Amino acid sequence: MADRESLLINWLVYPAVGHALEAFKHAQGYLDVNQELDVHVLLPPTPTTTLAPKGITVHSIDLAHPAHDIGRLPREWDYVITDSRIRRLESRDGDLLPARTAADSHFRARVRAGVAPTFEEMFHELEEGPVLPYRRNSPLRLVSPSLEADPSRPAWSGLNVCILPAGSTTLQSPSLSAWRNICEEITSNHDDVTFHFTGRSGDKGNKLTRTLFGRGPATTSTAVNRHAIVALAAELRNAHVWWDCGFAQQLALISACDVLIAPHTGFAFLAGALGTPWLTLSCCRWPEYFFDPTPFHSIFPSCPSYPSLGDGTDCTLGVGQHRCLADLEDRGDEIANATLRLLQPDTTYEQCVMRHLKSVDEHPRGERFYFFDGRDSLMGHHVRPAVRA
Ligand SMILES: [Zn+2]
């Protein structure tokens, strides 16, 4: 074991499913091309930590008391990598700063410390290479738990569409009438379709999330009323509601369905990693940037601010109607067609990438789009050599 090297990846950013998946993809990129490497990842505690791919050890760090958890870990590692967003934290991210301070004062890199190149490449030209050989955009293949049998629900048949009706904020919540139109259009184009709505109620006891965001519970709950979704499902011919069914069952549901339709939200990143195609209703602030080799399609909004990349806009400030979502009500037909095209047996990930990049190139704000590990990693997964200090 003395020959093995150790890599610690610090991904102590906001506790959200999407960020944990980013950390796993980054870690996988090192694991895939460095045979004798122990890879450890620091993450805030979320259910996602249970999904760590084989070979990756996760350490959950309580962001409210990070020094305690960090102090229990070894001080010395061969390599230490920090997500570049952590380096850019500002005073408004105050609740994350103690974790950065505790990590900086505790961990030492014997060989080299570096910054995760992924986000450098999103927003800036990368000047330094990774600290070890790194395979860009390594695919994640998460293993889903199985769906618990429920005698109250009929046997699965036909086309099964999973719908996550909203992200964690109202900025990511298409209207109920938009969802009704989308479902009715799909139903009119397919004889045997069942809709499965899923989501999670807000957790009033989640003090950490509330503190971190200061805008009410976020990150882990679904910003839509459960009763409204139940009422919508009752209007549809075949629909079930899986609300507050637990993280493992949500994974199993997404995995068991033929396609996920959801606005851009980190939770939906799970779909591609589970092998389920994702039809994205894109919205401010961020474009889709995280892909595993599973078919996908993004419905771009007509909002002139998209993608806003965090800039203050009517959408992100919640001024009036969120423009990103306003025109979805009239696009049910287009969304249904895109969904059914994703389900064609000859639709491939590569086709989806090419179609997506063409749309990005034609978009009036195309220069604002970015991709995890860079645009040219979407197809190639090629290896970057390490640049030694
Ligand atoms: Zn917008």
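Which residues are buried in α14? The answer comes from a predicted model, in which local features need pLDDT of at least 70, side-chain atom pairs count only at pLDDT 80 or more, and totals for chains, interfaces and linings use all residues. Residues are numbered from 1 along each chain as its sequence is written.

In α14, the buried residues are Cys352, His356 and Val360. Here, a residue is buried if 20 or more other C-beta atoms lie within 10 Å of its own, exposed if 12 or fewer, and partly exposed in between, with C-beta atoms placed from the backbone. Seen down the axis of α14, these buried residues fall within an arc of 70°, so they line one face of the helix; the arc is that of the directions from the helix axis to the C-beta atoms. An α-helix has 3.6 residues a turn, so residues three or four places apart point the same way. The face of α14 turned away from the buried side carries Glu350, Lys358, Asp361 and Glu362, which are exposed. On the buried side, the packing partner is β12 (296-299).

Zooming out, the protein has 15 helices and 13 strands. Helices (H or I, at least four residues) and strands (E, at least two) are DSSP runs, numbered from the N terminus. Of the protein's 389 residues, 46% count as buried.

Next comes the core. A nonpolar core is a set of buried Ala, Val, Leu, Ile, Met, Phe, Trp, Tyr and Cys residues joined through C-beta atoms within 7 Å. The largest one holds 102 residues, and the members that touch the most others are Ile9, Leu12, Val41, Val161, Leu260 and Leu270. Helix α1 (residues 17-31) supplies the largest share of this core, 8 residues. Domain 1 (5-137) and domain 2 (159-370) both give residues to the core, so it lies between them; the domain bounds come from an automatic or database domain assignment.

Leucine 171 is found in the loop between β7 (159-163) and α6 (176-189). This leucine 171 counts as buried because it has 22 C-beta neighbours inside 10 Å. Leucine 171 and cysteine 315 are 144 residues apart in sequence, but 6.8 Å apart in space, C-alpha to C-alpha.

How far can the model be trusted? The pLDDT, the predictor's confidence in each residue from 0 to 100, averages 86 over the protein, and 87% of the residues score at least 70. Over residues 204-219, though, the pLDDT is below 50. Where pLDDT is low, the predicted coordinates should not be read in detail.

Technical notes: Two residues are in contact if their C-beta atoms, placed from the backbone, lie within 7 Å.
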